[in-house]
Structure formats: C-alpha cells, structure tokens
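This report describes selected features of one predicted model.

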Amino acid sequence: MRLHLLLLLALCGAGTTAAELSYSLRGNWSICNGNGSLELPGAVPGCVHSALFQQGLIQEQCSFSWDWGPSFPTQGIWKDVRIEAYNICHLNYFTFSPIYDKSAQEWNLEIESTFDVVSSKPVGGQVIVAIPKLQTQQTYSIELQPGKRIVELFVNISKNITVETWWPHGHGNQTGYNMTVLFELDGGLNIEKSAKVYFRTVELIEEPIKGSPGLSFYFKINGFPIFLKGSNWIPADSFQDRVTSELLRLLLQSVVDANMNTLRVWGGGIYEQDEFYELCDELGIMVWQDFMFACALYPTDQGFLDSVTAEVAYQIKRLKSHPSIIIWSGNNENEEALMMNWYHISFTDRPIYIKDYVTLYVKNIRELVLAGDKSRPFITSSPTNGAETVAEAWVSQNPNSNYFGDVHFYDYISDCWNWKVFPKARFASEYGYQSWPSFSTLEKVSSTEDWSFNSKFSLHRQHHEGGNKQMLYQAGLHFKLPQSTDPLRTFKDTIYLTQVMQAQCVKTETEFYRRSRSEIVDQQGHTMGALYWQLNDIWQAPSWASLEYGGKWKMLHYFAQNFFAPLLPVGFENENTFYIYGVSDLHSDYSMTLSVRVHTWSSLEPVCSRVTERFVMKGGEAVCLYEEPVSELLRRCGNCTRESCVVSFYLSADHELLSPTNYHFLSSPKEAVGLCKAQITAIISQQGDIFVFDLETSAVAPFVWLDVGSIPGRFSDNGFLMTEKTRTILFYPWEPTSKNELEQSFHVTSLTDIY
Ligand code: BMA
C-alpha cells in the first residue's frame, strides 16, 4: 500500500492554500493539483518545508509599498502547516453553489467534491446530504475509480418548502441553513463535511436607460435593485500573521455599523482568509472580489499562465459558496492603465500589450470563472465599461466612461464642496481624499521630534506624492489653517482639520452619487453604487482610510454612518437655489415630513424653521423634496446672510426621527460671521456596558470631535454640528474600560478651537 503524504499549507482551513502560494512560487514550484496541497513525491517533508521558507513565500503585490503602505516584502509560511497521510482516498476539496431555477421557481444545490483515490481498486459507498431546516435529505450511491475523481451532486429543494433568502445588510436577514454531507465509503471510511448554505440570486443589470446613451450598471439581489454603499478593502496588516479573528470582526462590524452593505476586495492585496468571507456572509456585506492583479502589465508566458490558472481555479472553488461575493473582477485598473497609456508604451507596441491583456483576463481568467462558477457575474477589470468593454474587444477607449460600467475618480485640485466636479456615473467604485490618523494612533510609533506636519516622520509616512500639501490645500479652501504657536498643538489641530476636510469631501461626493440614483440630467445619472477608497489602513500613516490601523474610527467613518443611512435628506445648491433631495434605500414607501431649520452661528435658537406637508417617500428612490432660492431663504429668516447662517434638515414620521439630521453650509466656515469659541463639557456615566456622554455647549459648534485617545471603542456619533445646547452621545467600548479611564482620556475639539 502506498502512503501519500501531503504537506498542507493551511492558510484558510482544510485543504486550501497552495494556489495562493503559487503567486510567489511561480517558476519555482509546480502546484500538483491546484487545490491547496503540495505533493511531496517521496521526499522528506522537512526538506521541502525549509526550502519553501527559503523561497520567501506569500507576498502580496502591495508588500512592495503602495501609496498608502510601506515596503515590507514578507518571507515564509504564515499559517498552520500539517501533514496528512491516507491510504484509500482523500477529499481534496468540497464546494457548492445554490442555483435558482427561474422557470421551475425552485432552488437546487450543486455540490462538487474532488477526491484523490490512491486505492488500487474502486472505492464505493454512499453520500448523504442533509439540510434539516429545509426538510431535505438525499442519499446518492457513488463509486470512485482510482485517480483524481470529481463527485457532482445535485440536490433539489422541494418547492413546498419556504427557503428564506440571504439579504445584504439593511435589506433583510442573512438566513443560512446548516448542511451536512456524509461520505460513507468502503473500508469504514467516513468523511463528513458541514457548511452553512445561503440562498440568494445576483444579477448585474446592463440595459438601456431612457434619456441617456450607454447602459445601466447595477445589481439586483433576489430580484431587488440595490444601491451598493461601502468602501474598498486592503490587507489589514503588512504582516498577515497579525490579523486576528478579533481584528477582522472589529473591522467588518464597523462596516455594517456605518450602514455600508459592500466592500470591494482590491486586487493589489490578497484573497482574504475564509473567516473574512464567513463574517461577510454573516453580517450581510456584499463583496466585489478582484482577482489579485493591480496597476501593472503582466506576462503571458506559459509558466505564468499555468500558475495563474492554479491560483484562479483554486480561489473560485474556495470562495464560490459564499453568498457575500456578488461579482468577480479580473483586475484593478489594468484596462484603464493600458488604454490611458499610464506606462508610456509606444503606439507600435500597444497591440502586443492588448493581446497579452486579453490572453490573461479573457482567455484564461474569464474562461475559468465561466467554467467554475455560474452563480455570479464577471467583469474583466475595475473600472470597466461592462458590456461596452466586451463590445470593444475587451479594451474600451475610455474605461472610465460615465455611460457604462464603473468609474474610479480622484481629483485633489478642484474644490470638493462643489458637487459639479464629480462624475455623474453609473457606479463609483473608487473615489476619496486623504487624512491623517489620530494622534493617539501615531503616538505609538513616533516620538517628540516627529510631531509636526513637516517632520521627517510625517514625510516618510506619506507615500502619496504631494499628499500632505494636497490635504492642506483642500482644507484651506474652506477652513482657516491651524494657527497655534505651540508646535504640538498645531500638529494635533492639523490632524483634526485633515479629518474634517476628508469627511466633508467624501460626504459631498457620496451624497451626490446617492441623490443621482433615480435621475438623468444632461444624459447622465442612474448612479447605483458608491464605494469610497478606502476602508482600512495597513499601518499608521496618512491615507484615504476611514478606519485607522487598529480600527479607530476617523471622522469620515462617523460621517459614513450618516451619509450611508437608509433614509437621508441631501442638501445642495444649484445656481443659487437650495435643494433638498430625499434618498431612500428602503423597500417600502413611508409617509413623512421634512423639517428645515436655519440657525445663526451666534445663537443656539433656530432663527426659523419650516415643516413641509406630509408626502410619501417611495422606497428605492431619490427625489427632490424642497427647493428655495437662497436669497428667499435668507430673507425669510430675519437677518440671515450666507456668512451668518447655516441650514439643517431631517425627515420624520409621526414625530419620530427617521433620518439623520443633515446640514448645508451657505458659505465656507472660514468666512463664517458670529461663530464663537464653544465651551463644551461632558458628564460621563455608565449604563451597563455602554457609557453615556451628556454634552453641553455654550455656542453653536461645527465638527465637534470627541476623543478618548487609545481607549478602544466608538461613539454613537461624532464630528457633528452642534446647534442645540445639549446632546447625548453614547460610547461603545470594544474592551472593558471605566468612567474614570474615559474621563482621564477625554478631549473635545470643535472648529473654533483650532483658530
Ligand atoms: C486607486 C487604487 C489604489 C490606490 C488608490 C489611491 O488607484 O486602485 O491603487 O491606492 O487609487 O491612489
């Protein structure tokens, strides 16, 4: 009897990783079956083990630095290693996908298992698939011939049983069903697998839109159109072994706490570990999954293509049973890089690169996806023009078109308070502005001489060319820059101001996308997605992130909680008229009113207030609810000028607040008249696991920032405009803390504090 030894490099649980390894193994090792195991043909496992270490395994493309990250090319195996021995057969992988049969209106489950049968004789037996909650149990006879064998099972879920579907966060429950698959094989060999099965459908809708050239680009989940709200995910640490379950949960919980429903796993990092996707399933986070190719031109020699095939085929098998993944995308920005000629390729050489591009992403990766996973769409790149890219032979003249597919948009020069600079695109999958992380985060990796905006440390941690200057330039358009004579104070104030600027910029841009969901203006619109760049940080440095390294919420993340709220009033001006749109992601219509208040900067009493007639806000729409020339609004409200007043508004039904309170500045805060230094105090008390901050202010205060330094946790709201004398804010600690500890660390800043 032959004894087979497998060295399983278990990155992601049973039988998982070799294809992931193959990225860095390219050219040095052959992956025998692309399913997560490296076969050792009679070799001593220890030798291979050490050889693998010497090869320097597991590098993500961004390990070599990125515009938000350091260069730490890691070495070695970073997950569990184990040796498995078997002498009959081995279940190499197990995967499944629920498929909805539209015509029969019933669910089926396709289960695929691959065996390595080393017995010289066929191995017979039976498989029992059970999903008790769906009253489903089916038994199949199997006979495995020697060699590599695939067992495909087709399980029908009776029409008479109600299957609850999986919904993205904010749209319904994330119901899943426990399933067991038991292989009872000859020789008393029993192999049992258990998994959670979720049922949902996903469609990418690309169809003509009345009044606009091009095609729509939006997702329907379970037949329901959903606006994708969220952000882009990068690796959670330069050193993956530091990414704990707790950290993953904390970051992903913060995603749903900020009313997001989507993350794009960006193509310059890693295919995340199983737990990441399991948490996304559980929390209702949709995942836009890039394959790991980003901002580069790749070779297409056979060795490289073979390793890509192993990698892609393996990832499809590993990940396809997750309902959270709603789309595969071939790469990050490589179509755009090619067509906008980022790398200065001569005109005559371009056809070679286009051919390579099509070979890699279309003839290889796309084919593998079509063969391995019919349960979700595939696009070749992000940004891309979707169906139009296909029509243009896989490379569009302008992959960033507003009329097709998704766009990436960055502009650090134009005034971000002017919504007219943003593309009225079908789907914005990347956009953003940088800010600095909080002092408490930086303090852990710096010392006194580093604490200024122009220190070597500050320059070194900034990896985006001109980033620090861009932040101050953008902030300077609407705010006075910090003026303290104390350098440390100036550093802290500058950090605060960059966060204010970032939060306000991304708010304006996101609100523009959300209010564009139902309209076509100048032939553009029907925007159905807003994923800002970027959710998380890989180290303590300035970046586009809304969560700092370690998970602390920046001001932007608190703003996201509001600007991604399911029901939101959005204010803006066009040609000196003030408008408020109502945006609803809800599934039902609601009868409600809109309250509009005008405050002077110098008083805590509103100067005027207006409540509209009752109206019905339709679910899944963005409509204009309010329109008033600014001159009339100012006249109506006593002695208001653009500089002395600010507008706030919210949606409510039966006196119950249904939306966050939003606001609109009538001038830049740097020109505000009447704004005084606000004295803000807090009384902290404890209620169970939560802490209550009862705030009181002496004056109207913009961008009120509550900070408890390094105490892990988050506030219920932060960075807000305080127009009333008192306000209660909750603090949710992530680790045990005390009232005393919070009092010691508590610090509050509002805009006038930095003047
Ligand atoms: C996009 C991303 C990343 C980058 C970000 C900010 O191009 O795909 O490559 O970090 O912009 O510059």
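## Surface, backbone and ligand site

A nonpolar patch on the surface is formed by Leu297, Met340, Trp342, Tyr343, Ile352 and Tyr353, which together have about 500 Å² of accessible area. One of these residues, Tyr343, is placed in the loop that runs between α6 (334-339) and α7 (350-372). Tyr343 counts as partly exposed because its relative accessibility is 33%, a value between the 20% and 50% limits of that class.

Most residues other than glycine have a negative phi, and most peptide bonds are trans. In this predicted model, Ser382 and Pro383 are joined by a cis peptide bond with omega of about 0 degrees. Pro383 belongs to the loop between β22 (378-379) and α8 (387-391). Another cis peptide bond links Trp533 to Gln534, with omega of about 10 degrees. Gln534 is found in the loop between β27 (529-532) and α13 (555-563).

Positive phi values occur at Ser65, where phi is near 90 degrees, and at Gln523, where phi is about 70 degrees; neither residue is a glycine. Ser65 is part of strand β3 (residues 64-66), whereas Gln523 sits in the loop between β25 (520-521) and β26 (524-525). With a relative accessibility of 24%, Ser65 is classed as partly exposed. Gln523 is likewise partly exposed, because its relative accessibility is 43%.

Which residues surround the ligand? The shell consists of Trp66, Asp67, Trp68, Trp266, Cys295, Asn332, Glu333, Tyr410, Glu430, Trp533 and Trp544. By residue class, this shell divides into 7 nonpolar, 1 polar and 3 charged residues. Trp533, a member of the shell, also takes part in the cis peptide bond with Gln534. Trp66, likewise in the shell, falls within the residue range 64-66 of strand β3.

| Side chain | Distance to a ligand oxygen atom |
|---|---|
| Trp66 | 2.8 Å |
| Asp67 | 2.5 Å |
| Glu430 | 2.8 Å |

Of the 300 Å² of accessible area that the ligand has on its own, the protein covers 90%.

Terms used. Residues numbered from 1 in each chain as written. Predicted model: local features only at pLDDT ≥ 70, side-chain atom pairs only at ≥ 80, totals over all residues. Heavy atoms only, no water. Near = heavy atom within 4 Å. Polar contact = N/O pair within 3.5 Å; in protein donor to acceptor, adjacent residues only side chain to side chain. Areas by Shrake-Rupley, 256 points an atom, 1.4 Å probe, with all protein chains shown as cover. Nonpolar A, V, L, I, M, F, W, Y, C, P; charged D, E, K, R; others polar. Patch = residues over 30% accessible without salt bridge, like charges linked within 9 Å, V, L, I, M, F, W, Y side chains within 5 Å. Salt bridge = Lys/Arg side-chain N within 4 Å of Asp/Glu carboxyl O. Helix = DSSP H or I, 4+ residues; strand = E, 2+ residues; numbered from the N terminus. Buried < 20%, exposed > 50% of the residue type's maximum accessible area, 1.4 Å probe, protein only.
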